[in-house]
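Here is a short report on one structure, written for a first reading. Keep the 3D view open and follow along.

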Number of protein chains: 2
Amino acid sequence: MAFDRLIENIVNTQNPSVVGLDPKLEYVPQFIIEKRIDKHGKTLKAAAKAILDFNKAIIDEIHDICPAIKPQAAYYEMYGVEGVKTLAKTIKYAQEKGMFVMTDGKRNDIGATMEAYATAHLGVTDVVGEQIAAFGADALTVNGYLGTDGIKPLIDKCAAFDKGIFVLVKTSNQSSGELQDLKLADGRTVYAAMGDMCEKWGADVPGKYGYSGVGAVVGATYPEQLAEMRKALPHTFFLVPGYGAQGGGAEGVSKGFDERGLGAIVNSSRGVMCAYKKEGCDERDFAKAARREVIRMKEDILTYLPKIVLPE
Amino acid sequence: MAFDRLIENIVNTQNPSVVGLDPKLEYVPQFIIEKRIDKHGKTLKAAAKAILDFNKAIIDEIHDICPAIKPQAAYYEMYGVEGVKTLAKTIKYAQEKGMFVMTDGKRNDIGATMEAYATAHLGVTDVVGEQIAAFGADALTVNGYLGTDGIKPLIDKCAAFDKGIFVLVKTSNQSSGELQDLKLADGRTVYAAMGDMCEKWGADVPGKYGYSGVGAVVGATYPEQLAEMRKALPHTFFLVPGYGAQGGGAEGVSKGFDERGLGAIVNSSRGVMCAYKKEGCDERDFAKAARREVIRMKEDILTYLPKIVLPE
């Protein structure tokens, strides 16, 4: 299953973190934007091409020390069709460099339609007998509000194409509790009920290191819930957003890991993309600043973890 | 607010139904596919262009008798960047013909990222001072699992650009109850709690006909819950999927309407797109068959409704 490959990348780099590529144009250095606007005018095409330049330069600098990227679909859709083209090219470029790519799309729908999303992002599309990958990520974030028949088509693709999914369980944002923390009549919370479904769904796609192809999103901003879910969901790998800019710290995120330093991967987006702004270095040094931040973040997270090892 | 325009379209056509354009290539007549493959080979481009030809022909035939279309993003993403281009062109084409366009994307994320989705689908993107619409639909379906800060950016766009959203409340699929029907400690169900949030969110974007810019998705396959929600959510306009192919009938969907025949719009996708297959007519007659099905469906739904009138 796909998380086996992710886990191997993590062990090889000794780095349980993922860089979120959520590139608003305002994060991109001026010299890149100006070059593209000179050529294409103030257009979505210029913006999308500037973002692709930015992404590639960051990937070039981090692929040897970072196991994965997580492009967030919203920031590409914002630049229209040209933006979506940049998403597709970013996925391909990172994979060619050996990185594991999780498209953060939080897709969800009823079965027949989820089949189309699963095909789009994890599978291959049939065009009169030709099989073509539309986006071809290694994993996709999804929302389980619709229940099993919205998840089943994804599980099928995970099994057939060695892919994974991350289901939203407890999200990192402030108002996540409005629905997710509601108490059920059986004593569980809504997020715990969703977590239980992840364990159930994952049983059909077991992985060789103990974690199934069905992961969960649990926010760094809620360390108690992270600890609770780690204990309750032993076969579910966690994607942990909310570190850094959103307020989650290294000690808190350590609650998402198991005793081998596995079981979770921590995301940082703005912290890495905008490292050059925070450092105050020359904007032309943005990619190296991103690399420095990846190393700083990795060392910060590892402070609270054992050496990361594969199970025997 | 945007649902005012939708409501006026419904009254003008006396038709409370929307055509879902979820065009798998297998729904498209052979003569269209062959023409495009002759030109572009067996490629995603050929598939996407065939689908655009198909969509435009259907829109040409139904725009005078149908208030809205609902393109489902998954079926376009499935054909990659070229498919997404067809989505953008379909939205524009239908709007030019006077139709209200709801992009069915079920998007969801934390606030900062939802802002990007809201910009992508309902707002305009800033490119160094130029304001450009990326997709520019009139409404977007969304998933409220993340709570208020995932919805707030949408409300802002609804107010600024005269748009609307539909939040998933009780979906039409068989397993929707796994999470949505769970009983809360306070006696409500999860879907009812989500419905209550829709009323709350909608208060910031009231509409002149009594319905706010925050609608809800409630499936035709659950008429009892449709009746329950209609009563509980007096300011929330319903998008009702599940009629026809999924098993929902006209009497059931009537539970979603108010005493003026307003308050809901019923979706049919396959029923209309594949009407030519069901009729067994010449495939070149597919668009006229779609028109005949739109009329049949409208008459079926109206059997159980009063004459549709605007409130005084």
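A:Ala48 is found in helix H3 (residues 44-62) of chain A. This is a predicted model. Is A:Ala48 buried or exposed? A:Ala48 has 27 other C-beta atoms within 10 Å. A residue counts as buried at 20 or more, so A:Ala48 is buried. Leaving out residues up to four places away in sequence, A:Ala48 touches A:Tyr79, A:Glu82, A:Gly83, A:Lys85 and A:Thr86. A:Phe166 lies 118 residues from A:Ala48 along the chain. The C-alpha atoms of these two residues are separated by 27 Å.

Next comes the sheet. Eight strands of chain A form a closed barrel with parallel pairing. The order is E1-E2-E3-E6-E7-E8-E9-E10. On average, neighbouring strands are turned by 30° against each other, direction ignored. Strands of a sheet pair through backbone hydrogen bonds, either parallel or antiparallel. Take one pair from chain A: strand E9 (residues 238-240) and strand E10 (residues 264-268) run parallel, joined by three bridges. A:Val240 has A:Val266 in E10(A) as its bridge partner. Helix H14 (residues 286-302) of chain A packs on the sheet. H14 touches strands E1 (17-21) and E10 of chain A, and its direction makes about 140° with that of E1(A).

Now look at two helices of chain A. Helix H6 (residues 111-121) and helix H7 (residues 152-161) have axes that come within 8 Å and cross at roughly 35°. The crossing of H6(A) past H7(A) is right-handed. The table lists the residues that make the contact.

| Helix | Contact residues |
|---|---|
| H6(A) | A:Gly111, A:Met114, A:Glu115, A:Ala118 |
| H7(A) | A:Lys152, A:Pro153, A:Leu154, A:Lys157 |

By class, the residues of this contact are four nonpolar, one polar and three charged.

Finally, turn to the two chains together. How many residues does the contact take from each chain? Chain B gives 64 residues and chain A gives 65 residues. On the side of chain B that touches chain A, helix H6 (residues 111-121) of chain B supplies the largest share, six residues. That side of chain B has 33 nonpolar, 21 polar and 10 charged residues.

How are the copies related? The same surface serves both copies, as 100% of the contact residues of chain B recur in chain A.

Note on methods:
Residues are numbered from 1 along each chain as its sequence is written. Chains are lettered from A and ligands numbered from 1 in the order in which they are written. This is a predicted model: local features need pLDDT of at least 70, side-chain atom pairs count only at pLDDT 80 or more; totals for chains, interfaces and linings use all residues. Two residues are in contact if their C-beta atoms, placed from the backbone, lie within 7 Å. Helices (H or I, at least four residues) and strands (E, at least two) are DSSP runs, numbered from the N terminus. Ala, Val, Leu, Ile, Met, Phe, Trp, Tyr, Cys and Pro count as nonpolar, Asp, Glu, Lys and Arg as charged, and the others, Gly among them, as polar. A residue is buried if 20 or more other C-beta atoms lie within 10 Å of its own, exposed if 12 or fewer, and partly exposed in between; C-beta atoms are placed from the backbone. Axes are lines fitted to C-alpha atoms, for helices over the stretch in contact, and angles run from 0 to 180 degrees between N-to-C directions. A crossing is left-handed if the near helix is turned anticlockwise from the far one by less than a right angle, and right-handed if clockwise. Two strands pair if DSSP finds at least two bridges between them.
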